[in-house]
Amino acid sequence: MEDELIHEQCAAYALGALDPEDELVFETHLATCPRCRLELAGLAQAAGMLAYAVPAAGPPPDLRARILDAARRERPNVVPLRPGRSRVTLALASGAAAAACVAVGLGIWAVSLHEKLGATTAALHAGPLRAVRLHGAAGSLVVARGGEATLVVSGLEPAPAGKTYEAWVIRGGRAAPAGLFAARHGTAIVHLTGRVRSGAVVGVTLERAGGVAQPSASPIVTSALT
Amino acid sequence: MQIVTRTTRLLASAARPGRAVPLSRDLAHLSDEAVVALVARSEELALAELYDRHGRAAYALARRILRDPGLAEDAVQEAFLAVWRGAARFVPERAGAASWIMMLVHRRAVDLVRREQRRRAEPYVELEDPGSPSAEDAAWLRLERERVQAALRRLSMEQRETLELAYFGGFTQQELADRLGRPLGTIKSQMFAALANLREILTTAPEEESWKTS
């Protein structure tokens with residue numbers, strides 16, 4: 001049922017017409033739904049054609065140089081197009097370039113998610129990345145090469161005063177704390193501090209504020225990486 | 001492999017003082033996807049080439065959505081930097097590089113228009129702006145514009161309105177439902193039907209592919 005409702009969002013997503021919250025939930029759904037990815041591929045192609053229906057307008061000639069300057073500043077190893085041209089122009093969106101190297105990607109469509117993850121807005125789904133559905137709440141566990149993982153959970157009640165959600169990476173019967181979050185804004189995105197390897201289970205419990213060293217109850221959300 | 005070597009050589013020669021010829025045209029024979037692969041190797045010339053191919057269309061789209069030259073430039077710049085950062089993970093089988101780039105531009109522009117709360121619903125006054133670019137690039141864009149506009153005219157008024165307000169106006173589906181006084185479910189199915197129709201019309205058009213740069 002939930003899947004049918006989400007499936008309906010394909011067209012709105014292709015047009016960029018979801019609000020940010022819905023967009024995020026849709027993107028995490030995409031990660032685990034080949035049917036939606038297939039549907040979206042066709043619809044997004046049509047939506048993309050709309051870009052060419054607009055009246056002609058030429059960018060100012062210096063925009064090209066400004067973009068190249070900004071790109072060069074992000075990767076100082078790049079050979080300059082023209083020597084001696086190093087003047088700083090526009091301020092950049094910070095930090096994103098470095099983070100992109102370890103980005104968690106869900107595919108070309110995961111524009112919103114990439115932004116929220118602080119990674120990059122680009123990228124198609126690279127092979128070794130995996131997304132696993134959660135049990136107990138909507139969302140996904142996204143695991144990158146090397147076990148770096150991000151938990152995306154939506155629909156949890158905000159943690160009550162004096163409490164926090166705590167994520168765990170559980171393997172071989174041992175639970176290691178992997179991050180705290182409050183779920184104040186509907187969808188929580190948690191970069192896990194521990195690596196998630198095959199056979200591990202990621203769980204979430206509600207704990208006292210500040211977190212605890214060992215879970216005090218059974219997890220309310222789980223996801224197993226087989 | 002050969003391509004990369006060639007580009008490296010080009011880059012090396014570009015870096016030599018006294019050499020200020022616009023070299024990016026030397027990449028002209030490569031597909032968009034191949035150029036993206038070079039961007040992924042931090043080849044600045046390749047980014048310049050992508051801009052030369054798609055910057056004008058990108059700017060026109062951003063300008064249409066934002067209706068402001070300065071904001072449109074910001075959107076285009078951010079989108080091309082996103083290409084620069086993300087090129088390494090671009091996999092061409094999933095989508096063409098051009099649609100990827102235009103999607104990044106669209107998302108940036110829509111983000112900005114929502115933030116600015118610009119008067120996006122008012123009728124758009126067309127400003128034909130000759131700008132700077134090469135005549136040949138403008139020609140394929142003009143063909144493409146005519147083709148997509150003709151396809152849009154074949155949709156019903158309601159479907160067309162829904163598509164245009166969403167894509168160019170930056171309205172969310174909920175905002176559209178409120179604004180048009182239709183239930184959300186109706187908006188969703190109109191969007192779906194409109195996009196599916198548009199795709200059908202565009203893919204069965206006889207002059208398919210004719211616009212592509214090569």
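1. A residue is termed buried when its relative accessible area is under 20%. In this predicted model, Arg108(B) has a relative accessibility of 10% and therefore counts as buried.

2. Arg108(B) forms a salt bridge with Glu78(B), with 3.3 Å between the closest N and O atoms. The pair connects distant parts of the chain, since Arg108(B) belongs to helix H5 of chain B and Glu78(B) to helix H4 (residues 69–86) of chain B, 30 residues apart. Glu78(B) has a relative accessibility of 34% and so counts as partly exposed.

3. Chain B comprises nine helices and zero strands. Of its 214 residues, 52% are buried. Where contacts in chain B join residues at least 6 apart in sequence, 65% of them involve residues at least 24 apart.

4. Helix H2 (residues 32–39) of chain B and helix H5 (residues 97–116) of chain B have axes that come within 8 Å and cross at roughly 65°. Asp32(B), Glu33(B) and Val36(B) make this contact from H2(B), and Ala97(B), Ala98(B) and Trp100(B) make it from H5(B). Sorted by class, the contact of H2(B) with H5(B) has four nonpolar, two charged and no polar residues.

5. Over all chains, the structure holds 13 salt bridges. One of them is between Glu44(B) and Arg72(A), at 2.6 Å from N to O. This pair joins two chains, because Glu44(B) lies in helix H3 (residues 44–66) of chain B and Arg72(A) in helix H5 (residues 63–74) of chain A. Both Glu44(B) and Arg72(A) are buried.

6. A further salt bridge is formed by Arg66(A) with Asp62(A), whose closest N and O atoms are 3.0 Å apart. Arg66(A), at 14% relative accessibility, counts as buried, whereas Asp62(A), at 41% relative accessibility, counts as partly exposed. Salt bridges with shared partners join Asp62(A), Arg66(A) and Glu73(B) into one network.

7. Which side chain of opposite charge is nearest to Glu166(A), a buried residue without a salt bridge? It is that of Arg208(A), 7.9 Å away; a salt bridge requires a nitrogen–oxygen pair within 4 Å. Glu166(A) is located in strand E4 (residues 163–171) of chain A. The side chain of Glu166(A) reaches the backbone nitrogen of Val212(A) at 2.8 Å. With residues up to four places away in sequence left out, the residues touched by Glu166(A) include Pro177(A), Leu180(A), Val204(A), Thr205(A), Glu207(A) and Val212(A).

Technical notes: Residues are numbered from 1 along each chain as its sequence is written. Chains are lettered from A and ligands numbered from 1 in the order in which they are written. This is a predicted model: local features need pLDDT of at least 70, side-chain atom pairs count only at pLDDT 80 or more; totals for chains, interfaces and linings use all residues. Side-chain values use heavy atoms; hydrogens and water are left out. Axes are lines fitted to C-alpha atoms, for helices over the stretch in contact, and angles run from 0 to 180 degrees between N-to-C directions. Helices (H or I, at least four residues) and strands (E, at least two) are DSSP runs, numbered from the N terminus. Contact means heavy atoms within 4.5 Å. Ala, Val, Leu, Ile, Met, Phe, Trp, Tyr, Cys and Pro count as nonpolar, Asp, Glu, Lys and Arg as charged, and the others, Gly among them, as polar. Buried means under 20% relative accessible area, exposed over 50%, partly exposed in between (1.4 Å probe, protein chains only). Lys and Arg count as positive and Asp and Glu as negative; His and the chain ends are not counted. A polar contact is a pair of N or O atoms within 3.5 Å; within protein, one must be able to donate a hydrogen and the other to accept it, and residues adjacent in sequence count only if both atoms are side-chain atoms.
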